[in-house]
Amino acid sequence: MIKSKKSGQLIVISAPSGAGKDTVVKELMKRDGNNLWVSVSATSRAPREGEKEGVDYYYLSKEEFEKRIEEGFFLEYTNYAGNYYGTPKKYIKEKLDKGIDVILIIEIEGASNIKKLVPEAIFIFIMPPSLKELVRRLKARGTETNEKIIKRFHATYKEVNEVTKYNYVVVNDKLDEAVDKVESILKAEKCRVDRIEEVYLDTKEEEIHEILMNDDFDNDGLGEKI
Ligand code: 5GP
């Protein structure tokens, strides 16, 4: 009856740091990893303890990053907290064409640039339950100095006000519930009528009569009444 677009969807997820967006996406991948692909960004910031090249980021020097910008390597890039961050173009179209949904975990300026390039992308903002909880999580993470936490906290004030530019907001209070919500959003998006390519009628009237008159099928005698 309905032929829907086979292509994957581009999903942009932003959140203040400490809101738990990476954990939400990791959990989501555990549930539906076959149909999702998370883009790995490049950055000029130094790796944090435990981070791995090609898994968390591709780590480039400032000069290498600038060279890649000139070469048109990035779909979007930005300078955030003194470092470059960018989404490599490579693989994104390939994955979408194969019907795989692509997730970009990027900050708000990058999201706004993607909106100009791909207006039909799905924009999800993950919110921490409170600013107090956000600071607690950042401190518990133990990867940032107090000074950096304060910087990130100020950035959060700005970021939270941008939420209305997104299509969805998910408060990450309880992880499982937040993941359920993101999963539901992605499922609902697949049902949007603008993803329909063709509507067709797959049964002719004669066939309906045939089905109704078929004895094997006729449990309630409906066929005889027609
Ligand atoms: P972090 O240094 O905490 O890993 O990342 C800082 C911010 O940069 C986060 O909000 C993260 O989502 C964002 N970010 C990571 N990769 C990209 C990217 O490729 N493009 C943009 N615009 N932001 C990114």
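Analyst: Start with pairing: two strands pair if DSSP finds at least two bridges between them. This is a predicted model. In it, strand E2 (residues 10–14) and strand E9 (residues 122–127) run parallel and are joined by four bridges.

User: Which residue in E9 is the bridge partner of Ile11?

Analyst: Ile11 has Ile122 as its bridge partner in E9.

User: With which strand does E2 pair over four bridges, besides the one above?

Analyst: E2 pairs with strand E8 (residues 101–105), in the parallel sense and over four bridges. Within E8, Ile105 is the bridge partner of Ile13.

User: Is Ser14 buried or exposed?

Analyst: Ser14 belongs to strand E2. Its relative accessible area is 1%, so Ser14 is buried, the cut-off being under 20%.

User: What does the side chain of Ser14 reach?

Analyst: For polar contacts, look for a pair of N or O atoms within 3.5 Å. The Ser14 side chain reaches the backbone oxygen of Ile106 at 2.7 Å. A polar contact of 2.7 Å also joins the side chains of Ser14 and Tyr166.

User: Which residues is Ser14 in contact with, leaving aside neighbours within four places in sequence?

Analyst: Among them are Lys21, Glu107, Ala111, Ile124 and Phe125, as well as Ile106 and Tyr166.

Methods:
Residues are numbered from 1 along each chain as its sequence is written. This is a predicted model: local features need pLDDT of at least 70, side-chain atom pairs count only at pLDDT 80 or more; totals for chains, interfaces and linings use all residues. Side-chain values use heavy atoms; hydrogens and water are left out. Helices (H or I, at least four residues) and strands (E, at least two) are DSSP runs, numbered from the N terminus. Buried means under 20% relative accessible area, exposed over 50%, partly exposed in between (1.4 Å probe, protein chains only). A polar contact is a pair of N or O atoms within 3.5 Å; within protein, one must be able to donate a hydrogen and the other to accept it, and residues adjacent in sequence count only if both atoms are side-chain atoms. Contact means heavy atoms within 4.5 Å.
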